[in-house]
Amino acid sequence: FSTSTNENEEKIDEEAAFFHMCQAANLGLTEALVNVAKIYLQLPHDHLPDYKVNETDENYAMGFEYMLEACEKGDKDSLYFVAKAYDTGVGLSKKE
């Protein structure tokens, strides 16, 4: 598993933290939806900034789905990302 340290030199289990962030996203917490989406889409993100998932079509599609759900919750950054993806095709899920 992946660990990192914070300012207080405490070890952080990033796999466990990501698991719990995904649980929060699956329960509809907007901030978690956005951060999980960004992690899957390989975009810069605020929480777990060094955490990465494998760059696969499946992970990208999952990230896009989380981003769509964040749009439904009214998150402005997600709305902008998805609108731009539909308008330009850049960032559009490969399944769309």
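Colleague: Which residues of helix H4 are buried?

Modeller: This is a predicted model, where local features need pLDDT of at least 70, side-chain atom pairs count only at pLDDT 80 or more, and totals for chains, interfaces and linings use all residues. Residues are numbered from 1 along each chain as its sequence is written, and side-chain values use heavy atoms, leaving out hydrogens and water. Helices (H or I, at least four residues) and strands (E, at least two) are DSSP runs numbered from the N terminus, while buried means under 20% relative accessible area, exposed over 50% and partly exposed in between (1.4 Å probe, protein chains only). On that basis, the buried residues of H4 are Ser78, Phe81, Val82 and Ala85.

Colleague: Within what arc do those buried residues fall, seen down the axis of H4?

Modeller: On the other side of H4, Lys76, Tyr80 and Asp87 are exposed. The arc is taken from the directions from the helix axis to the C-beta atoms. The buried residues of H4 line one face of the helix, because their arc lies within 90°.

Colleague: And what do the buried residues of H4 pack against?

Modeller: Here we look at contact, meaning heavy atoms within 4.5 Å. By this rule, the buried residues of H4 pack against H2 and H3.

Colleague: Which residues touch the most other members of the largest nonpolar core?

Modeller: A nonpolar core is a set of buried Ala, Val, Leu, Ile, Met, Phe, Trp, Tyr and Cys residues joined through side-chain atoms within 4.5 Å. The largest such core has 25 residues, and those touching the most other members are Phe18, Val36, Tyr40, Tyr66, Phe81 and Val82.

Colleague: Which helices each supply at least two residues of this core?

Modeller: In soluble globular proteins, nonpolar side chains tend to be buried together. In this model, the helices that each supply at least two core residues are H1 (14–26), H2 (30–40), H3 (57–72) and H4 (76–88).

Colleague: How many residues apart in sequence are the parts tied together by the pair Tyr40 and Tyr66?

Modeller: Rings of Phe, Tyr and Trp (its six-membered ring) pair if their centres lie within 6.5 Å, and planes under 30 degrees apart count as stacked, over 60 as edge-to-face and the rest as tilted. The rule gives 5 aromatic pairs, and Tyr40 with Tyr66 is a stacked one, at 6.1 Å centre to centre and 0° between the planes. Tyr40 lies in helix H2 and Tyr66 in helix H3, so the pair ties together parts whose separation in sequence is 26 residues. Both tyrosines are buried, and the sequence separation asked for is 26 residues.

Colleague: Which residue has its backbone oxygen 2.7 Å from a polar atom of the Asn59 side chain?

Modeller: Asn59 lies in helix H3 and is buried, with a relative accessible area of 13%. Leaving aside neighbours within four places in sequence, Asn59 is in contact with Tyr40, Val53 and Asn54. A polar contact is a pair of N or O atoms within 3.5 Å; within protein, one must be able to donate a hydrogen and the other to accept it, and residues adjacent in sequence count only if both atoms are side-chain atoms. The backbone oxygen at 2.7 Å belongs to Asn54.

Colleague: How far apart in space are Gly74 and Thr30?

Modeller: Gly74 is found in the loop between H3 and H4 and is partly exposed, with a relative accessible area of 42%. Gly74 and Thr30 are 44 residues apart in sequence, and their C-alpha to C-alpha distance is 8.6 Å.
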